[in-house]
Amino acid sequence: MQLTRYTDYGLRTLMYVAMYPERSQLFRIAEITEVFDLSANHVSKVVHHLGKLGYLETIRGKSGGFRLGMPADQINVGKVVRQLENTLAPIDCNKPYCVLTPGCQLKGVLNEAVKAYMAVLDNYTLQDVITNAEELRTLIPGVTATVVSLD
């Protein structure tokens, strides 16, 4: 199963923000786009959605930005994936229509595989996937984007 870019960008953003729990400054979209070489338009949409879901706290305005909206150990990876993905259906037998659909058992097998895949993701929190945050931070090229102080 392959996740959409949208979900990928959402998970990257959450991981990045969670890697800096001691940071007192808000994160900015420009920083995420610079670190991961992503489109600002796409990241803006993802950050907005993560904010609506409560994973990020977003602050609007000139000195705005975002930070985690809840502790990383309370953010379940499987739940995030379910909320960001449009569908978890592994195939669409109707586009184009497959003549085997009425008697096909493959769709059931694939659905079982998706359930197993999601069951694994459900076992992990955001905190679990950044336990090596110090190592991950060393992989990030120098960031020149400005950050905003909460003070």
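**View 1. Helix α1 of the predicted model, residues 5-18.** Helix α1 has 14 residues, and its first and last C-alpha atoms are 20 Å apart, close to the expected 20 Å. The expected span is 1.5 Å times one less than the number of residues. Helices (H or I, at least four residues) and strands (E, at least two) are DSSP runs, numbered from the N terminus. Residues are numbered from 1 along each chain as its sequence is written. In this predicted model, local features need pLDDT of at least 70 and side-chain atom pairs count only at pLDDT 80 or more, while totals for chains, interfaces and linings use all residues; side-chain values use heavy atoms, without hydrogens and water.

**View 2. Buried residues of α1 and their packing partners.** T7, Y9, G10, L11, T13, L14, Y16, V17 and A18 are buried (under 20% relative accessible area, 1.4 Å probe, protein chains only). An α-helix has 3.6 residues a turn, so residues three or four places apart point the same way. The buried residues of α1 pack against the helices α2 (29-36), α3 (40-53) and α4 (77-84), and against the strands β2 (56-59) and β3 (65-68).

View 3. Of the contacts (heavy atoms within 4.5 Å) with a separation of 6 or more, 71% join residues 24 or more positions apart. Buried residues make up 32% of the 151 residues. Along the principal axes, the C-alpha atoms fill a box of roughly 65 × 30 × 25 Å.

Note on methods. Buried means under 20% relative accessible area, exposed over 50%, partly exposed in between (1.4 Å probe, protein chains only).
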